[in-house]
Amino acid sequence: PAGALLSAAAARAALGADVAAAVDEGAWTEHVLVMLLLLRERARGRASRWARWLRLLPAAFDNLASWSDAELRPLHGCDCYWQAVAAREEVAALHRSVAARVGAAAAGTLAEWRWAYGAVATRAIALPAALDELDAGALVIVPVLDMANHAAAAQLELTVDAASGELRATTLAAVGAGTQLFLSYGSLDAEALLLSYGVPPAAAA
């Protein structure tokens, strides 16, 4: 159900009208709201309804916006190097902008902001169809399902069951016990997978 998902709607309800109204980042607005929700729930610890799932998340994410200069150096000369540098600066600028309007406590430190950005960048999906109050295409994180890795020939398909009001992951064919199940993140080339998800070219091939 929609209430189990991390979404901009859930963020508006949890963060309050003042914070939600202060977030106006154009195309980034949904991302920022979900990031703020993640930071809030992470800080709440065991009191969060998503506490168990949050404890399973990595301490850091491998998307290139979070890489250090030393980690980016081997990519120098590649277009993705400059894209990664620009993304890293954009994330820092977004943090400054949001913190100035919602307060440092809500926006967290830059390191915490990069963590939240990485979580949304690598785990959020667009809803395939409307679900309760959420429109089709809404940005959401689906706890547990967000841990599925990418494969171009994925076995899982996401659908919305209008009758039950549920988002479902169904297999496209029979799979054996113990088989790892994959989702398709979309038609992404090796560079896009590296920039967005930290997937090295060899693994993306």
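**Rings, helices and cores**

Author: The charged end of Arg-42 sits over the ring of Trp-115, at 3.9 Å from the ring centre. Keep in mind that this is a predicted model.

Reader: Which ring does Arg-49 lie over?

Author: Arg-49 lies over the face of Trp-50, 5.1 Å from the ring centre.

Reader: Back to Trp-115. Is it buried or exposed?

Author: Trp-115 has a relative accessible area of 5%, so it is buried.

Reader: How many aromatic pairs does the structure hold?

Author: There are 3 aromatic pairs in the structure. In one of them, the rings of Phe-61 and Trp-115 have centres 6.1 Å apart and planes at 50°, so the pair is tilted.

Reader: What does that pair tie together?

Author: Phe-61 is in the loop between helix 4 (51-56) and helix 5 (69-72), while Trp-115 is in helix 8, so the pair ties together parts that are 54 residues apart in sequence. Phe-61 is buried, with a relative accessible area of 8%.

Reader: And what about Tyr-81 and Trp-82?

Author: Tyr-81 and Trp-82 form an edge-to-face aromatic pair, with 4.7 Å centre to centre and 85° between the planes. Tyr-81 is buried because its relative accessible area is 15%, whereas Trp-82 counts as exposed at 51% relative accessibility.

Reader: Helix 8 next. Which of its residues are buried?

Author: The buried residues of helix 8 are Trp-113, Arg-114, Trp-115, Ala-116, Tyr-117, Gly-118, Ala-119, Val-120, Thr-122 and Arg-123. That is 10 of the 14 residues, so helix 8 is largely enclosed by the rest of the structure.

Reader: What span should its 14 residues have, and what do the end C-alpha atoms give?

Author: At 1.5 Å a residue, helix 8 should span 20 Å, and its end C-alpha atoms are 20 Å apart, which agrees.

Reader: What does the side chain of Thr-122 reach?

Author: Thr-122 lies in helix 8, residues 110-123, and its side chain reaches the backbone oxygen of Gly-118 at 2.7 Å. Thr-122 counts as buried because its relative accessibility is 15%.

Reader: Which residues is Thr-122 in contact with, leaving aside neighbours within four places in sequence?

Author: Those contacts of Thr-122 are Phe-61, Asn-63, Ser-196 and Tyr-197. Tyr-197 is one of the buried residues of helix 9 (residues 190-197), along with Leu-193, Leu-194 and Leu-195.

Reader: What comes just after helix 9?

Author: Gly-198, which takes a positive phi of about 75°. Just after helix 3 there is Gly-45, with a positive phi of about 60°.

Reader: Change of topic. How many residues are in the largest nonpolar core?

Author: The largest nonpolar core has 37 residues, and Leu-36, Leu-38 and Trp-113 have the most contacts inside it. The elements giving two or more residues to this core include helix 1 (8-15), helix 6 (79-102) and strand 3 (139-141). Helix 3 provides the largest share of the core, 8 residues.

Reader: What does Trp-113 contact, sequence neighbours within four places aside?

Author: Trp-113 is in contact with Val-32, Met-35, Leu-36, Leu-39, Val-91, Leu-94, His-95, Val-98 and Ala-107, with those neighbours left out. There is also a second, separate core of 14 residues, which includes Leu-127, Leu-134, Val-140 and Ala-148.

Reader: Helix 3, then. How far does it reach?

Author: Helix 3 has 16 residues and reaches 23 Å from its first C-alpha to its last, close to the 22 Å expected at 1.5 Å a residue. Its buried residues include Thr-29 and Glu-41.

Reader: Two aspartates to finish. Where is Asp-146, and what does its side chain join to?

Author: Asp-146 lies in the loop between strand 3 and strand 4 (149-150). A polar contact of 2.5 Å joins its side chain to that of Arg-123. Asp-146 counts as buried because its relative accessibility is 8%.

Reader: And Asp-18: buried or exposed?

Author: Asp-18, found in helix 2, is exposed, with a relative accessible area of 72%. Its C-alpha atom is separated by 8.3 Å from that of Val-102, 84 residues apart along the chain.

Definitions and conventions: Residues numbered from 1 in each chain as written. Predicted model: local features only at pLDDT ≥ 70, side-chain atom pairs only at ≥ 80, totals over all residues. Heavy atoms only, no water. Helix = DSSP H or I, 4+ residues; strand = E, 2+ residues; numbered from the N terminus. Buried < 20%, exposed > 50% of the residue type's maximum accessible area, 1.4 Å probe, protein only. Polar contact = N/O pair within 3.5 Å; in protein donor to acceptor, adjacent residues only side chain to side chain. Contact = heavy atoms within 4.5 Å. Expected span 1.5 Å × (residues − 1). Phe/Tyr/Trp six-rings, centres within 6.5 Å; stacked < 30°, edge-to-face > 60°. Lys NZ or Arg CZ within 6 Å of the ring centre and 35° of its normal. Core = buried A, V, L, I, M, F, W, Y, C linked by side-chain atoms within 4.5 Å.
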